[in-house]
Amino acid sequence: MTIVITGATGQLGRLVVEALLDQNVPAGHIVAAGRDLAKVADLAERGVQVRKVDYSDPESLRQAFSGAEKVLLISGSEVGQRLEQHRNAITAAKEAGVGLIAYTSIANAGSTGMQLAAEHEATEAALEESGLPFTLLRNGWYLENYTDRLGSYVQHGAVLGSAGEGRVSAATRADYAHAAASVLLLEGQAGRVYELGGDVPFTLGELAEEVSSAAGQPVPYQDLPVEQYAKVLVEVGLPEAYAAILADSDSGIARGELLVTSGDLSRLIGRPTTSLREAVRAATGR
């Protein structure tokens, strides 16, 4: 059985490859596909197949998927271009006769009004129309969306956002990666839809409490109107369009659209998901 992991040169894809190796999948049965093969040179040395792939290059996708039984399609990073790129991958998978394609979508796709969900929802529709057997991995927010910004929170003395008292079911990339690996190794996954998120949801106020505790100083949560929060994100260097999407996602949290209560993630990984406190403490070394 050959399993292709797209986006394997990125953070999530790399972790999925490592999770498959940890579950004793022979290295030669795994294909790590991505744009910059230098990033997976060490995997090649361990026996993993590496193939160059670009979602905007249909021929590279056809070559990458050749002989694959299963493909993990990790959603692209170029917002606004992803639907066409994903369609390229779906077409290539169909032409290659792939037996199952698993796609990393977004939590609560189909019922959320978040701007970020639009391309995911359209990709899910494209998968349905393709006739390919597919599985949806509807990933919630990454804890790293917050822990990667701990230094900034402390430096500026506040956690800023527009999520109000909404709760978010965030989990680590490693948790999502282990879930993806488990699904790729299970049989009978066609048609399955997994809503994936951390076991214990939290508000951004509770995030601020954990940051304060780890930092040893008060770092309160400051809730801002969506437009003002987007302006702050632009001021710290984010592109205007991306800042608007992130601020809109916070409003989605406020509406409960990144709250996941299925328990699917912990069942797939066979343990409780990594908690907010564990993630903050690991990021700060405390």
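In this predicted model, the axes of helix 10 (residues 226-235) and helix 11 (residues 240-254) come within 8 Å and cross at roughly 140°, where axes are lines fitted to C-alpha atoms, for helices over the stretch in contact, and angles run from 0 to 180 degrees between N-to-C directions. Helix 10 and helix 11 are therefore oblique to each other; angles under 35 degrees count as roughly parallel, over 145 as roughly antiparallel, 65 to 115 as roughly perpendicular and the rest as oblique. On the side of helix 10, the contact is made by Val226, Tyr229, Ala230, Leu233 and Val234, and the residues of helix 11 that take part include Glu240, Ala243, Leu246 and Asp250 (contact means heavy atoms within 4.5 Å). By class, this contact of helix 10 with helix 11 has nine nonpolar, one polar and three charged residues, with Ala, Val, Leu, Ile, Met, Phe, Trp, Tyr, Cys and Pro counted as nonpolar, Asp, Glu, Lys and Arg as charged, and the others, Gly among them, as polar.

Residues are numbered from 1 along each chain as its sequence is written. Because the model is predicted, local features need pLDDT of at least 70 and side-chain atom pairs count only at pLDDT 80 or more, whereas totals for chains, interfaces and linings use all residues, and side-chain values use heavy atoms, with hydrogens and water left out.

| Helix pair | Axes | Angle |
|---|---|---|
| Helix 9 (residues 204-215) and helix 13 (residues 276-284) | within 10 Å | roughly 35° |
| Helix 3 (residues 58-65) and helix 4 (residues 82-96) | 9 Å apart | about 40° |

Helix 3 is oblique to helix 4, and Pro58, Leu61, Arg62 and Phe65 in helix 3 meet Asn88, Ala89, Ala92, Ala93, Glu95 and Ala96 in helix 4. The residues of that contact between helix 3 and helix 4 divide into seven nonpolar, one polar and two charged. In the other pair, Glu206, Leu207, Glu210, Ser213 and Ala214 of helix 9 meet Leu276, Arg277, Val280, Arg281 and Thr284 of helix 13, and this contact of helix 9 with helix 13 has four nonpolar, two polar and four charged residues.

Leu268, which lies in helix 12 (residues 264-269), is buried, with a relative accessible area of 14% (buried means under 20% relative accessible area, exposed over 50%, partly exposed in between, with a 1.4 Å probe and protein chains only). Not counting residues up to four places away in sequence, Leu268 touches Ala179, Ser182, Val183, Leu186, Tyr194 and Leu196. Leu268 and His178 are 90 residues apart in sequence, and 7.8 Å separates them in space, C-alpha to C-alpha.

Terms used:
Helix = DSSP H or I, 4+ residues; strand = E, 2+ residues; numbered from the N terminus.
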